Amino acid sequence: MSTQIRHDVKHAKRVVVKVGSSSLTTRQGGIDPHRIDAMVDVLAGRLADGVEVVLVSSGAIASGIAPLGLRSRPRDLATQQAAASVGQGLLVARYTQAFGHHGYTVAQVLLTLDDVTRRSHYRNAYRTFARLLELGVVPVVNENDAVATERIRFGDNDRLAALVAHLVHADLLVLLSDVDALYDGDPRRPGVRPIAEVKGEADLDRISQQGLGKAGRSGVGTGGMATKLEAARIATGAGIPVVLASAADAAQALAGEPVGTYFHATGRRRPTRLLWLAHATTPRGRLRLDDGAVRAVCERRASLLPAGIVGIEGSFDAGDPVDLVDPGGRTVARGLVNFDARELPGLLGRSTRELARELGPAYEREVVHRDDLVLVSQPRTGGAGRGGAGKGRDDARSSKRASQRADSATV
């Protein structure tokens with residue numbers, strides 16, 4: 001591995017570190033104070049060197065298992081949330097004590113998906129992180145398991161960490177777990193070798209197709225190697241390099257030593273909300289587009305209007321994420337819809353001008369505005385179609401609105 005790669009790691013000024021449940025707790029589910037103290041000692045060393053650290057920490061549910069007298073991680077959502085309610089306080093209390101020994105203050109930041117995908121919330125999340133770091137505070141981040149539902153969950157803290165890394169404009173993401181690297185096969189079998197570096201999207205695709213991602217050894221976490229690969233894909237695609245290493249090697253990983261697996265940054269920074277929309281949302285329905293609308297949305301980056309929609313699927317409310325699919329049924333984009341599912345059938349195939357005359361000015365708006373839309377794949381289009389995306393006056397209005405939103409869209 002080249003010296004420059006480790007040099008970039010060593011000199012990162014803002015780092016997001018994610019540590020998994022298995023690296024913080026006993027097999028029975030209780031907090032292991034020695035593991036937490038060891039982790040905090042490493043992070044405090046980087047803080048003393050002037051590095052800003054955001055810690056994404058699993059362990060809330062696992063920490064609540066023993067105090068509630070449970071034998072293993074609960075499977076039903078209500079008991080998981082109960083365990084998280086008990087365990088989160090214990091976890092943060094321990095971090096507060098451990099960082100306090102080094103003179104650092106801890107802030108608890110609990111996130112749900114809505115906190116960072118809704119237009120009115122995500123900018124505030126950025127401001128909160130920025131101010132905490134400016135004040136020299138260590139944000140300790142976790143999903144708000146106590147209130148999150150299946151509809152508004154990140155799903156795992158690896159993905160949460162990657163998205164937080166983008167949100168806070170991190171220079172580096174470090175994923176720590178009970179696995180010391182990515183391997184070219186099942187690490188439990190003889191003869192397999194660790195993969196020192198992953199250079200690009202092609203490597204990630206090959207690794208995923210070969211099924212090299214294997215779960216960790218403990219039974220208290222929710223993630224496995226597959227979730228770490230997805231986190232690496234998200235972060236590197238947004239211009240943030242990633243190191244995957246064992247929690248036992250945290251000091252070496254953060255110091256730039258050649259441990260674990262290094263994932264090269266492959267892309268560039270994107271508007272934050274678009275990254276969250278692409279990777280941290282679950283679609284609540286689908287909008288089927290004609291060929292003209294597919295071209296307008298994908299090639300001209302126009303807003304989606306009712307005229308180009310030929311059908312809807314699912315039950316969703318205004319503000320929910322929906323997939324946009326081409327005539328062949330392939331998803332080409334995802335966006336936040338401006339109408340409830342029950343409103344749309346009467347609008348399909350009609351122009352916004354016609355709808356405004358008949359139903360009022362509230363209906364002279366996009367079904368999905370282009371500021372709330374991210375492309376997923378390249379379309380396969382055929383004939384001319386209706387082209388039901390923003391054109392003429394609608395595109396002019398969209399351009400003006402896009403300009404007005406430019407600052408907030410790139411937080």
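Good morning. I begin with Arg334, which counts as buried because its relative accessibility is 13%, under the 20% limit for that class. Please keep in mind that this is a predicted model.

Where does Arg334 sit? Its place is in strand S14, which covers residues 331–336. The side chain of Arg334 makes a polar contact of 2.8 Å with that of Asp323. Leaving aside residues up to four places away in sequence, Arg334 also touches several others, including Leu277, Pro283, Asp372 and Val376.

Let me now turn to the whole protein. There are 14 helices and 15 strands, and of the 411 residues, 53% are buried.

My next topic is salt bridges. Side chains of opposite charge can pair when their charged atoms come close. How many salt bridges does a search of the whole structure find? The search finds 13.

One of them joins Glu52 and Arg14, with the closest N and O atoms 2.7 Å apart. Because Glu52 lies in strand S2 and Arg14 in strand S1, this pair ties together parts that are 38 residues apart in sequence.

A further salt bridge, 3.3 Å from N to O, is formed by the side chains of Lys228 and Asp158. Lys228 belongs to helix H9 and Asp158 to helix H7, so the parts tied together here are 70 residues apart in sequence. Both Lys228 and Asp158 are buried. Together with Lys18, they are linked in a network of salt bridges.

Finally, Arg350 and Glu354 form a salt bridge whose closest N and O atoms are 3.1 Å apart. Arg350 counts as buried at 18% relative accessibility, whereas Glu354, at 31%, is partly exposed.

Thank you for your attention.

How values were computed
Residues numbered from 1 in each chain as written. Predicted model: local features only at pLDDT ≥ 70, side-chain atom pairs only at ≥ 80, totals over all residues. Heavy atoms only, no water. Helix = DSSP H or I, 4+ residues; strand = E, 2+ residues; numbered from the N terminus. Buried < 20%, exposed > 50% of the residue type's maximum accessible area, 1.4 Å probe, protein only. Polar contact = N/O pair within 3.5 Å; in protein donor to acceptor, adjacent residues only side chain to side chain. Contact = heavy atoms within 4.5 Å. Salt bridge = Lys/Arg side-chain N within 4 Å of Asp/Glu carboxyl O.
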